[in-house]
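I opened the file and made notes as I went. The entries below follow the order in which I looked things up.

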Amino acid sequence: IRRRIELIQDFEMPTVSTKIKVSRDGQYIMAVGTYKPRVRCFDTYQLSQKFERCLDSEVVTFEILSDDYSKIVFLQCGRFVEFHSQHGHYYKTRIPKFGRDFSYHYPSCDLYFVGASSEVYRLNLEQGRFLNSLQTEASESNVCDINPVHFLFAMGTAEGKVECWDPRTRNRVGLLDCALSSVTADTEIEGLPSVSALKFDGALNMAVGTSTGQVLLYDLRSSNPLIIKDHHYGLPIKSIQFQHQLDLIISADSRIIKMWNKDTGKIFTSMEPEHDINDVCLYPNSGMLMTANEAPKMNIYYIPVLGPAPKWCSFLDSLTEELEENPESTVYDDYKFVTRKDLENLGLAHLIGSSLLRAYMHGFFMDIRLYHKAKMMANPFAYEEYRREKIRQKIEETRAQRVQLKKLPKVNKELALKLIEEEGEEQQFSKKRKQKNLPSLLKDDRFKVMFENPDFQVDEQSEEFRLLNPLVSKISEKRKRKLKILEELEAQGQEEEEEPEGKASDAESSESSDDEKGWVEEVRKQRKLLRQEEKLKRQERLKEDQQTLLKPQFFEIKEGEEFRSFKDSAKKQKLMKKTLEDRLKLEEKLGTLNVSDTTVGSKQATFKLKKSEQQRKQQEAEKQHRQERKTLRRSASHLKSRRGRGRLFH
């Protein structure tokens, strides 16, 4: 990025650039692209964008008719031909078939459109109307061009032929079979090559590019090509340009730009950009090359051998001259840079001035193998020193990872110790993964009360805690040992410098693996203990109930209720004496209760209320009344049907 020079500010498109051209006066560079379809004009004198215009549809190709940007014609993919003037959109028309290319005939002001048709459409810009089209033998045409000297119109067809027409007589004057000429003994062709690029050079030369990656150079006086150049990629030729100072032809497909001599066919140079190429534009009378790519950035290349820099960026010549005068020295990987002091320490100061040392800046370059040999001879115990230094660094790292805790909180000491251990493990993990450390809960003000208020003390003897944390008893034993050691150190007023004596790391790792294996056993053990505790509690309740003496009690019957017998009250008393579990089982059998488990692990119970005697009597009366009404309706309908049959009989 530091070495790259940005000649024109924001010389790019939003997504893709498809075509790029330079105006005849050399001041403006026009480019079209997507998305959305647009055209951008860059002013080379200001080295920035002059204007931008959005279009209705994507541009297939365009042509600058004037010397500057005041007259432009766009051929769009929707069969539209759009004209722009200096202020913007001027006129829009449509051609009968989809167009692929067009050329402007300056003497007659005619536009020649070729595309998905056998006809060549002519639009006269002076009269403002379509003229009689040219009828060709081709099914479709891909490209066209007009010779700048004698204005011969040539078009490349899908069948691999080039037809030449005289605009004055509107008759065909020549036919070249490029598909047959491009097939040689070395080339491998899968299908029929079609013409994908066409360019005139002077009055007699014409270059033709095929869809299979060959470039054919013709003399108009001969039907055989002078030279055939193969790109060897099998991709269609996108663009052909002529460079007159060195007699080069610049041909490009979507992958590579090749420069080769038009007389001998010898390769001059080639460029392979990072992204696919859509179009190539050679700035006139200079060594500058611009490309439209399948990327937002449009590339600009300057090759001083091809010609001087344009006048609007003449500083490029001075930059290239400075680079030639001060060539950068190459630094190789198999060389070691040493200073004069390093040479004295190695005992190699006598080599200064010899071919073994190469002077560079404030020191010298020497062969890396010579450097290693000299270092081993000068200090044979260097490896032992290096090993001791590495061991010392490892010890320092382990000391930094120890639990350095001077004061523990009064509430939830074991939880605080657990958080500190987890924080140390997370720091080790984040160092390996190069991640940011998360904030500690002990230092967070939101959780400060949990370690200060006794109400937040964790009850480890509760049922929920023991079932959710079955291995906490074993893990807590280790923490209790550490707590005792820390409390003793605090009492003595000593700071912890070394790791507290305990079990070795191997024993701890084996214990952790045993804990993982005994997870299920510990859960079962905890559940058995909980059941035993529940049984003991039940037995204590039964003893208390037996010891208590029952005294006679009198109850008052509420209004609206009837006294049936003492059996119901006795049943209720028996049910009340039973535990909640037995009562729930009984009600579940009767169908008045439904118990189900939830996703969290708790129980959900739904009850059905028993109906009173009055409600039962009322429901039975309503049921009897409905049956009486049904019988009455049936008898009435039966009488009506009998009467109707009697009338019909009479």
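I took contact to mean heavy atoms within 4.5 Å. This is a predicted model, in which local features need pLDDT of at least 70 and side-chain atom pairs count only at pLDDT 80 or more, while totals for chains, interfaces and linings use all residues. Residues are numbered from 1 along each chain as its sequence is written, and side-chain values use heavy atoms, with hydrogens and water left out.

Entry: L55.
I looked up L55 and found it in the loop between β4 (48–54) and β5 (59–64). Helices (H or I, at least four residues) and strands (E, at least two) are DSSP runs, numbered from the N terminus. Is L55 buried or exposed? L55 counts as buried, because its relative accessibility is 8%; buried means under 20% relative accessible area, exposed over 50%, and partly exposed in between (1.4 Å probe, protein chains only). With neighbours within four places in sequence left aside, L55 is in contact with P37, R38, Q76, E82 and H84. I also noted V39, which is 16 residues from L55 in sequence and 7.6 Å from it in space, C-alpha to C-alpha.

Entry: totals.
I counted 13 helices and 32 strands in the protein. Of its 650 residues, 34% count as buried. The accessible surface is about 45,200 Å², and 50% of that belongs to carbon and sulfur atoms; the areas come from the Shrake-Rupley method with a 1.4 Å probe, and for residues only the protein chains shown count as cover. Among contacts with a separation of 6 or more, 44% are between residues 24 or more positions apart.

Entry: nonpolar cores.
I used the term for a set of buried Ala, Val, Leu, Ile, Met, Phe, Trp, Tyr and Cys residues joined through side-chain atoms within 4.5 Å. The largest such core has 20 residues, and F11, I20, I29 and M290 have the most contacts inside it. At least two residues of this core come from each of β1 (16–22), β2 (28–34) and β26 (288–293). β26 gives the most, with three residues. Which residues does F11 touch, not counting those up to four places away in sequence? F11 touches I20, I29, F42, M290, K297, M298 and I300. Another core lies apart from this one and has 14 residues, among them C178, F200, L216 and Y218.

Entry: sheet β9 to β12.
I traced an open sheet of four strands in the order β9-β10-β11-β12, with antiparallel pairing. β9 (99–105) and β12 (129–135) each have a single partner strand, so one side of each is left without a neighbour in the sheet. Two strands pair if DSSP finds at least two bridges between them. Neighbouring strands here are turned by 25 degrees against each other on average, direction ignored; axes are lines fitted to C-alpha atoms, for helices over the stretch in contact, and angles run from 0 to 180 degrees between N-to-C directions. β9 pairs with β10 (residues 110–115) in the antiparallel sense over six bridges, and D101 stands opposite V114 in β10.

Entry: salt bridges.
A salt bridge is a side-chain nitrogen of Lys or Arg within 4 Å of a carboxyl oxygen of Asp or Glu. My search of the whole structure found 16.
- D110 forms one with R122, the closest N and O atoms being 3.8 Å apart. D110 lies in β10 and R122 in β11 (residues 119–124), so the pair ties together parts 12 residues apart in sequence. D110 is buried at 4% relative accessibility, and R122 is buried at 5%.
- E137 forms one with R172, with the closest N and O atoms 3.4 Å apart. E137 is in the loop between β12 and β13 (141–146) and R172 in β16 (residues 171–177), so parts 35 residues apart in sequence are tied together. E137 is exposed at 62%, whereas R172 is partly exposed at 34%.
- E389 forms one with R392, the closest N and O atoms being 2.5 Å apart. The two are three residues apart in helix α5 (residues 382–400) and therefore separated by about one helical turn.
- R38, R40 and E52 are linked in a network of salt bridges.

Entry: hairpin β23 and β24.
I found four bridges joining β23 (residues 257–261) to β24 (residues 267–271), which run antiparallel. The bridge partner of M259 in β24 is T269. The two strands form a hairpin with five residues between them, and G265 in the turn has a positive phi of about 80 degrees.
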